[in-house]
Amino acid sequence: MSDNKEDKKQIRVWCDGCYDMVHFGHANSLRQAKALGGVLIVGVHTDEEISKHKGPPVFTQEERYKMVRAIKWVDQVVEGAPYVTTLETLDKYQCDFCVHGDDITVTADGIDTYHLVKEAGRYREVNRTAGVSTTDLVGRMLLLTREHFKRGDKEYTVALEHSSNLGTDSTARSPYTGCSQFLPTTQKIIQFSSGLSPKPTDKVVYVAGAFDLFHVGHLDFLEAAHAHGDFLIVGLHTDLEVNRYKGSNYPIMNLHERVLSVLACKYVHEVVIGAPYSVTAELMDHFRVEVVCHGLTPIALDADGSDPYKVPKQRGCFKVLNSGNSMTTEDIVQRIIRHRLEFEERNTRKEKKEIAQMKSTQKEHIKQNGNCEYKAYSG
């Protein structure tokens, strides 16, 4: 048994992609890829390559490199990875094989970006995370709906709006740009969790917020907070609480999605799901919190008009951190709105390419298996 574990440690796994607006779907595919070997190398494409083959990315390449480096299963990031994965790339980084999700990725010419490694038998596939994609998140911002979070007895129901060409739900034509409702499980949370508890000697740091559309501003803040202690706990507010103090259709990502996005960050040890907006004495005592941090963003009052950080301030353990990064979730939404037409065009082009690729796959299936089996396959 130990020999198998030792063999696995020697296996080097390659993943690549755009990793734009890095979310828990990306993190989950990387988690699965890491489980297939001992070392995970992740190649990230440049802005120029993405614009050529797919359309404009939301985040810059430097932002995307930084985000991928912070995912806890990633051992190394290769900047400017080629859009088409080659055997030369795998060999250069001494990787045994390449791993990708079970969706379709094609170049501007409609060519499968993994055809070379597939032909060489150096390709493995993992399950794509249903219910989320960058396309879906962009659509939520543009449509300004609240369909992604629910109230009361409708909290776990699925109510979908038609999404035109934005691909925000299962009514979209493509099965890859169209997304089903994300259904959380305890198993998924366990897979993302560190599983660690603070040691008696650990200094516990607590931060709280929405952490919506997890981005480099959040990342830099969490890194700064982590530096103030040994064990970092993040309190995530409920969807209704976030909507109370942010308004509009915030949060863009619902609580379940935000939990996994934050848990994937290497600086985070634990998450409080649906944390109280005010940091209470009970919460601090229960988790043995010694430091409570907040960034430079304005602090909204609680629903009753009180200061949510009154208790940690009274205890003399409240710190305001300047992470050096002023990015907010609102900034990301504004980027999307400014380039709305470009993103709509990008989503339309992506859907057309995927449909063309699926038709090509179906034709190949007919050749190999005959019409009878194809009917079952396509139906």
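Modeller: First, the names: helices (H or I, at least four residues) and strands (E, at least two) are DSSP runs, numbered from the N terminus. This is a predicted model, where local features need pLDDT of at least 70, side-chain atom pairs count only at pLDDT 80 or more, and totals for chains, interfaces and linings use all residues. Residues are numbered from 1 along each chain as its sequence is written, and side-chain values use heavy atoms, with hydrogens and water left out.

Begin at Thr 60. This residue sits in the loop that links α3 (47-53) to α4. Thr 60 is partly exposed, at 35% relative accessible area. The classes are buried (under 20%), exposed (over 50%) and partly exposed in between, with a 1.4 Å probe and protein chains only. Beyond its neighbours within four places in sequence, Thr 60 is in contact (heavy atoms within 4.5 Å) with Asp 47 and Arg 335. Asp 47 is 13 residues away along the chain, yet the two C-alpha atoms are separated by 6.5 Å.

Next comes α4 itself, residues 61-69. On its sheet side, α4 lies across β2 and β3 and runs at about 165° to β3. Such angles run from 0 to 180 degrees between N-to-C directions, using axes fitted to C-alpha atoms, for helices over the stretch in contact.

Which helix packs with α4, and at what angle? The partner is α9 (residues 216-226), at about 45°, with the axes 10 Å apart. That makes α4 oblique to α9. For the scale, under 35 degrees is roughly parallel, over 145 roughly antiparallel, 65 to 115 roughly perpendicular, and the rest oblique. The crossing of the two helices is left-handed: the near helix is turned anticlockwise from the far one by less than a right angle. From α4, Glu 63, Lys 66 and Met 67 take part; from α9, Val 216, Leu 219 and Asp 220 meet them. By class, this contact has 3 nonpolar, no polar and 3 charged residues. Here Ala, Val, Leu, Ile, Met, Phe, Trp, Tyr, Cys and Pro count as nonpolar, Asp, Glu, Lys and Arg as charged, and the others, Gly among them, as polar.

The open sheet has 5 strands in the order β3-β2-β1-β4-β5, with parallel pairing. Two strands pair if DSSP finds at least two bridges between them. From one strand to the next, the twist averages 30°. Strand β2 (residues 39-44) is joined to β1 by 6 bridges, and the two run parallel.

Between β1 (12-17) and α2 (24-35) lies Tyr 19. Its phi is near 50°, a positive value in a residue other than glycine. Tyr 19 is buried, at 7% relative accessible area. Gln 94, in the loop between α5 (87-92) and β4 (97-101), also has a positive phi, near 55°. Gln 94, however, is exposed, at 59%.
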